[in-house]
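Let's take a tour, one stop at a time.

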Amino acid sequence: MKCRRAKQLVFDFLDGTLAESDRVNLEKHLNECSTCETFTSQMARSLDLVHRAPLEAPSENFNWNVRLQLARERNAFHDAIAAQKEVFKSWNMHFALSAVATFALILASGYLLWTSGIILKPDVPAEVTYQRPATTIQNLASVPNETSTDESTTRYRGDLPDMQWPVSSGESGFLGRPGYRGAINEEVPPLSTIIMGPDSLVPFIMKSYYMQFRVRSLQQQVEQLQSYLRECESGTSSVKP
Amino acid sequence: MDPDSLKERARLRSLTDEELMLEVQRGSNVSFDILVDRYKVRLLNYLFRLIGDRDEAEEIAQEAFVKAFIHSGKYKTIAKFSTWLYTIATNLVRNRIRAKSRAPQFLHLWDRGKDGSTESKPIDLVDPGKEPDEEINDLELSMIINQAIQRIPAKYRMSFVLREINQLSYEEIAAVTGLKLGTVRSRINRARNYFRKIVEPLLERGIDF
């Protein structure tokens, strides 16, 4: 047996895992080789020394310290959760705000593109103008009663006489409606024109408000006239025409 | 303490580590206390012999228990509790060594020998000052062993301490260190050789340990 192999077996012997046949061979070698014999005795003694190492006792408040640290960890965990919630809350707020801002930006840019004629070029001849028929007493008077059975001529109370969208000139009109003659490479008008110009939203809203008011007042007039006519027919009117 | 909780404590004490961990997973803090009681000495001594600083060892041992409790939900009964706990502690030690190696070191300059290494030199720092055949006390013995173990190269020290101080099996050491069984075996044998060479002068002097 070689010394190298013998030293390997010594470790197995110290571990208590040496096979019986190997043990006999090892003993034989140790009897013959003084180096290996010394090695074995030294190894056994040094390992015996380390096995006899006195055990260190933990401090008395070991368990208490563990519990304290656990409590600290738990608090830190709860703090972290709370902080996370706060962040989430503010993040939600930021998200909502940025969503609103983005929406407004998209709306504004879309509107700018639309009015400047970059994305839509309406194919409407500019010459088309609409004439508003004259609203006369005769026209109104020809409106029959609800009781009329003639379908083709039936007009109901509250119906307006034929009216067209008021178009003042070829230059006006909102969102490319009649009157617009823009080109794709048309110069973008200044911001003041975009906001307050004839094509912009502000006059449009004002116009639509005005129209509503106008329509309502006309309706009222028509109603008054109709009732007056009915009274005249039945001869109950106190007012002479 | 009322008799019921005493009875419950006695019942828990009769359980195995793995059963106690299941109780911990169900929310029993008492079970964890019992586990701490069972393992604190072993864990402290492993860490003390491994790093050589008692206070730091106790600190890491406590941290390991805290980590074990926090991650008790991840513990699976297929692994032995002791192996799992030693693995946690070993990883903590590794992290500390890594953090220390990154930090600038000054004190080592005084420790270094001519070749710049402090390891595997014959022991000479602590001379018990005893005559041959004179007995030395536990504290002195502990100090000698500690110094000798600290001189074993760090690479081999962990397996050696787990084997010789904590008497873990080779398979358990392989599980704790994440090494192959053959590697564990060879590292332990190398460490034993280093240890033998380190303590040889003392043994030669015939001091009765």
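Start by selecting B:Lys40 and B:Asp37: both sit in helix α3 of chain B, three residues apart, which is about one turn of the helix. (Helices here are DSSP runs of H or I, at least four residues, and strands are runs of E, at least two, numbered from the N terminus.) An α-helix has 3.6 residues a turn, so residues three or four places apart point the same way. Show the two side chains and you'll find them meeting in a salt bridge, 3.4 Å from N to O. The term salt bridge covers a side-chain nitrogen of Lys or Arg within 4 Å of a carboxyl oxygen of Asp or Glu.

Is B:Lys40 buried or exposed? B:Lys40 counts as buried because its relative accessibility is 16%, while B:Asp37, at 31%, is partly exposed. The cut-offs: buried is under 20% relative accessible area, exposed is over 50%, and partly exposed lies in between, with a 1.4 Å probe and protein chains only. While you're in chain B, select B:Glu56, B:Glu59, B:Glu63, B:Arg96 and B:Lys100, which are joined into one network by salt bridges that share partners.

A word on ground rules: this is a predicted model, where local features need pLDDT of at least 70 and side-chain atom pairs count only at pLDDT 80 or more, while totals for chains, interfaces and linings use all residues. Residues are numbered from 1 along each chain as its sequence is written, chains are lettered from A and ligands numbered from 1 in the order in which they are written, and side-chain values use heavy atoms, with hydrogens and water left out.

**Next stop: a helix in chain B**

Select residues 81-102 of chain B. This is helix α5, with 22 residues, and it reaches 32 Å from its first C-alpha to its last, close to the 32 Å expected at 1.5 Å a residue. (Expected span is 1.5 Å times one less than the number of residues.) Buried residues in α5(B) include B:Phe81, B:Trp84, B:Leu85, B:Tyr86 and B:Ile88. What do the buried residues of α5(B) pack against? Colour α2 (17-25), α3 (29-51), α4 (54-70), α8 (154-164) and α9 (170-177) of chain B to see their partners.

**Over to chain A**

Chain A has seven helices and zero strands. Buried residues make up 21% of its 241 residues. Now select A:Glu27 and A:Arg23, whose side chains form a salt bridge of 2.6 Å, N to O. They are four residues apart in helix α2 (residues 20-32) of chain A, so about one helical turn separates them. A:Glu27 is partly exposed at 41% relative accessibility, and A:Arg23 is partly exposed too, at 29%.

Then jump to residues 201-234 of chain A. Helix α7 has 34 residues there and reaches 49 Å from its first C-alpha to its last, close to the 50 Å expected at 1.5 Å a residue. Pick out A:Pro203, A:Leu218, A:Val222 and A:Gln226, which are buried in α7(A). Just after this helix, A:Gly235 takes a positive phi of about 70 degrees.

**Where the chains meet**

Show both chains together. Here 42 residues of chain B are in contact with 30 residues of chain A, contact meaning heavy atoms within 4.5 Å. On the chain B side, select B:Gln62, B:Arg196 and B:Leu203: they lose the most area to chain A, together 17% of what that side buries. The area buried between the chains is about 3400 Å², with 60% from carbon and sulfur atoms. (Buried area is the accessible area, taken with a 1.4 Å probe, that two parts lose on being put together, summed over both.)

How many salt bridges are counted between chain B and chain A? The count is four. One links A:Glu56 and B:Arg54 at 3.0 Å, N to O. Another pairs B:Arg192 with A:Asp15, their closest N and O atoms being 2.7 Å apart. B:Arg192 lies in α10 of chain B and A:Asp15 in α1 (residues 3-15) of chain A, so this pair joins two chains. Both B:Arg192 and A:Asp15 are buried.

Last stop: select A:Gln42, in helix α3 (residues 34-51) of chain A. A:Gln42 is buried, with a relative accessible area of 11%. Leaving out residues up to four places away in sequence, A:Gln42 touches B:Arg196, B:Glu200, B:Leu203 and B:Glu204. Its side chain also makes a polar contact of 3.5 Å with that of B:Glu200. A polar contact is a pair of N or O atoms within 3.5 Å; within protein, one must be able to donate a hydrogen and the other to accept it, and residues adjacent in sequence count only if both atoms are side-chain atoms.
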